[in-house]
Each structure stands twice: as C-alpha cells, then as structure tokens.
Amino acid sequence: MAEVLVYVDHVDGAVRKPTLELLTLARRIGEPVAVALGAGAENTAATLAEHGAVKVLTHDASEYADYLVVPKVDALQAAVEAVSPAAVLVPSSAEGKEVAARLALRIGSGIITDAVDLEAGDEGPVATQSVFAASFTTKSRVSTGTPVITVKPNSAAVEAAPAAGAVEALAVTFSAQATGTKVTGRTARESTGRPELTEAAIVVSGGRGVNGAENFAIIEALADSLGAAVGASRAAVDAGWYPHTNQVGQTGKSVSPQLYIANGISGAIQHRAGMQTSKTIVAVNKDAEAPIFDLVDYGVVGDLFDVVPQLTEEIKTRKG
C-alpha cells in the first residue's frame with residue numbers, strides 16, 4: 001500500500017487534534033507517514049503511532065522557530081523525495097495552506113485546499129470540498145504530480161489505530177530562501193480556557209441580536225456549559241462587541257464543528273460561508289423570517305435573552 005505523508009501540527013511535542021484527524025483520512029488512501037518538525041518533534045511519536053502512523057519522520061533545527069514557513073517547506077520537500085508518497089495531507093490553517101501551496105509549486109503538483117472529506121479513487125485520492133460560500137459540494141482530484149491536500153478541522157473523527165510509529169531522522173538541507181523572513185518576536189495569545197475556534201467540536205456564536213458587548217456574557221455562559229468555543233458575526237465584530245479573532249464568516253474564520261449554535265444572527269451569506277459545513281446547526285432568533293432558518297437543522301423563534309439562559313441552566317442541570 002502506498003504511503004501518505006501527514007504534516008504534524010504540534011506544540012513542543014503535543015499533537016493538535018487536526019493532525020489526528022488527518023491520520024484517520026490518510027488510512028483511507030494508504031499508510032500514514034507523519035512528518036514532525038521542530039522542538040519536541042520526537043515526543044510526538046507515541047501519540048502519532050497510537051493513531052495510525054506507521055513511521056514518524058522527525059527533524060529539529062532552530063530555523064523552524066526562527067524563520068517563517070520556508071524551512072518547513074524545505075523539510076516536506078525532502079520527505080516527498082524520500083518517500084514518494086501517494087499524497088501529502090496538511091491541516092487547513094493559515095500557515096498550513098501557505099506551506100502546502102509552496103510545496104505544490106516546488107514539486108510541480110496540483111493542490112486542493114479546504115477539503116472536508118477524502119476517499120480513495122482509481123486514479124488517486126478524491127477530495128470533497130464545499131465551494132461558492134458553501135452553496136455547492138464538489139469532488140475533485142489532482143491530475144498532475146503528487147496531490148497536496150489541505151483538510152479543514154473537524155472533517156473526520158479521531159480514531160485510535162495502533163501502528164508501529166517507527167521514528168526515523170529526516171535529512172533536510174535548507175534552501176537559500178529559508179532564512180529570508182526572520183521572526184523577530186512573539187506574544188503569547190491570552191488564554192480563555194476555551195477550545196480554539198477553528199478546531200472546536202461545538203461553537204456558540206452571537207450576532208447583532210446580542211445588542212452589546214456586555215451581553216456576550218450570555219453567549220459565553222452557554223459556550224462554557226457545553227465546553228464550546230465562542231464565535232461572533234461580522235456585525236457584532238464591526239460594532240466592537242467581540243474581537244475579530246472570533247469572527248465566523250467569509251472575512252473571518254471558517255468553522256466546521258459537530259454543533260453550531262447561532263444566536264441573534266440573521267444568516268447573511270457572508271456568515272453562512274464560514275459555518276455552513278457544520279454537522280448540526282441550531283439557531284435562536286426572534287425573527288421567524290430570518291434567512292438563517294433556511295439553513296438550520298433546529299430553529300427556535302424567540303428572544304435569545306429568554307431562550308439562551310434557560311438552555312444554559314438546563315444543560316447545567318442535566319450535567320448535574
């Protein structure tokens with residue numbers, strides 16, 4: 001069976017959930033070979049093996065932390081040349097898509113971004129995408145070179161599938177471009193204790209109907225009762241009620257959780273483009289004609305200031 005390279009997103013050896021989802025998808029089309037780079041790379045092996053990696057290629061160098069993306073592209077190119085894989089899978093983050101695009105250009109291959117599913121095909125992996133503001137679903141494959149595919153978080157379940165996970169050192173020679181853009185400083189993001197928005201299994205969002213920054217406490221309380229991330233519509237962000245880092249939509253972040261709860265959000269196409277691939281969508285809005293109700297699985301016509309606190313209390317009661 002052909003090998004499939006999986007680029008590992010990790011923090012000092014702690015593997016992030018989207019990578020484990022990629023391993024699930026990689027097993028559908030071949031044998032997963034993980035590529036872990038930077039500080040703590042070797043510490044990822046046990047987790048990756050538990051989730052199906054037959055091999056873990058590792059390489060650590062200061063360039064991965066000191067310079068932007070190009071050293072990682074150099075390493076992935078070296079891995080492609082060493083393994084000759086059936087495909088390369090990369091998490092569909094902002095950095096992941098830049099790495100994937102640069103890699104595809106380097107190796108003369110086609111690229112598919114923001115896939116939401118992956119399956120084996122007679123002529124190579126077939127990727128499913130949600131396109132044109134999630135109005136259409138397409139299936140496509142790369143016809144030139146080794147397919148490079150970025151996959152959105154929450155596109156597959158994390159599944160344990162113990163494998164050898166043999167650790168091998170990856171030989172990497174950095175290109176002249178690797179040191180072209182130096183990182184001059186880092187500021188740690190303030191932790192809210194909530195999941196990362198793009199990776200969360202549940203997202204609770206608020207829109208114009210929240211009617212003020214102080215009222216987002218209601219949205220946060222519901223999110224915390226569910227262990228969810230908090231999102232916001234563009235209208236709420238533009239009004240200064242919630243940070244842009246939490247904006248869901250075409251000009252914000254794209255999410256695909258198992259459950260999306262939209263509160264006081266009308267459902268403009270700009271917002272729908274960022275959340276329409278959610279598995280289950282629930283909306284609370286006092287306007288029965290709001291476009292969001294054309295999209296949802298479950299809708300509640302009512303004032304969010306009445307509905308959301310009751311929902312939060314009911315969840316807390318059921319949790320005991």
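What span should the 14 residues of α5 have at 1.5 Å a residue, and how far apart are the end C-alpha atoms of the helix? The expected span, taken as 1.5 Å times one less than the number of residues, is 20 Å for α5, and its end C-alpha atoms are 20 Å apart, which agrees. The structure is a predicted model, in which local features need pLDDT of at least 70 and side-chain atom pairs count only at pLDDT 80 or more, whereas totals for chains, interfaces and linings use all residues. Residues are numbered from 1 along each chain as its sequence is written, and side-chain values use heavy atoms, with hydrogens and water left out.

Helices (H or I, at least four residues) and strands (E, at least two) are DSSP runs, numbered from the N terminus. Within α5, the residues Gly96, Val99, Ala100, Leu103 and Ala104 are buried, where buried means under 20% relative accessible area, exposed over 50%, and partly exposed in between (1.4 Å probe, protein chains only). Seen down the axis of α5, these buried residues fall within an arc of 130°, so they line one face of the helix; the arc is that of the directions from the helix axis to the C-beta atoms. An α-helix has 3.6 residues a turn, so residues three or four places apart point the same way. The face turned away from the buried side carries the exposed residues Ala94 and Leu105, while the buried residues of α5 pack against α4 (70–83), β6 (87–91), β7 and β10 (148–151), contact being defined as heavy atoms within 4.5 Å. Just after α5, glycine 108 takes a positive phi of about 70°.

A search of the whole structure finds 16 salt bridges, each defined as a side-chain nitrogen of Lys or Arg within 4 Å of a carboxyl oxygen of Asp or Glu. One of these involves α5 (residues 94–107), since the pair formed by lysine 97 in this helix and aspartate 114 in strand β7 (residues 111–119) links distant parts of the chain, 17 residues apart. The closest N and O atoms of aspartate 114 and lysine 97 are 3.4 Å apart; aspartate 114 is partly exposed at 26% relative accessible area, and lysine 97 is likewise partly exposed at 30%. Arginine 16 counts as partly exposed at 27% relative accessibility, whereas glutamate 199 counts as buried at 16%. Both belong to a network of salt bridges that also includes Asp9.

An open sheet of five strands has the order β13-β12-β14-β15-β16, with parallel pairing, two strands being paired if DSSP finds at least two bridges between them. Its edge strands are β13 (229–232) and β16 (298–301), each of which pairs on one side only, and the twist averages 15° from one strand to the next. Four bridges join β15 to β16, and the bridge partner of alanine 283 in β16 is glycine 299. Helix α6 (residues 216–226) lies across β12, β13 and β14 (259–263), running at about 170° to β12; axes are lines fitted to C-alpha atoms, for helices over the stretch in contact, and angles run from 0 to 180 degrees between N-to-C directions.
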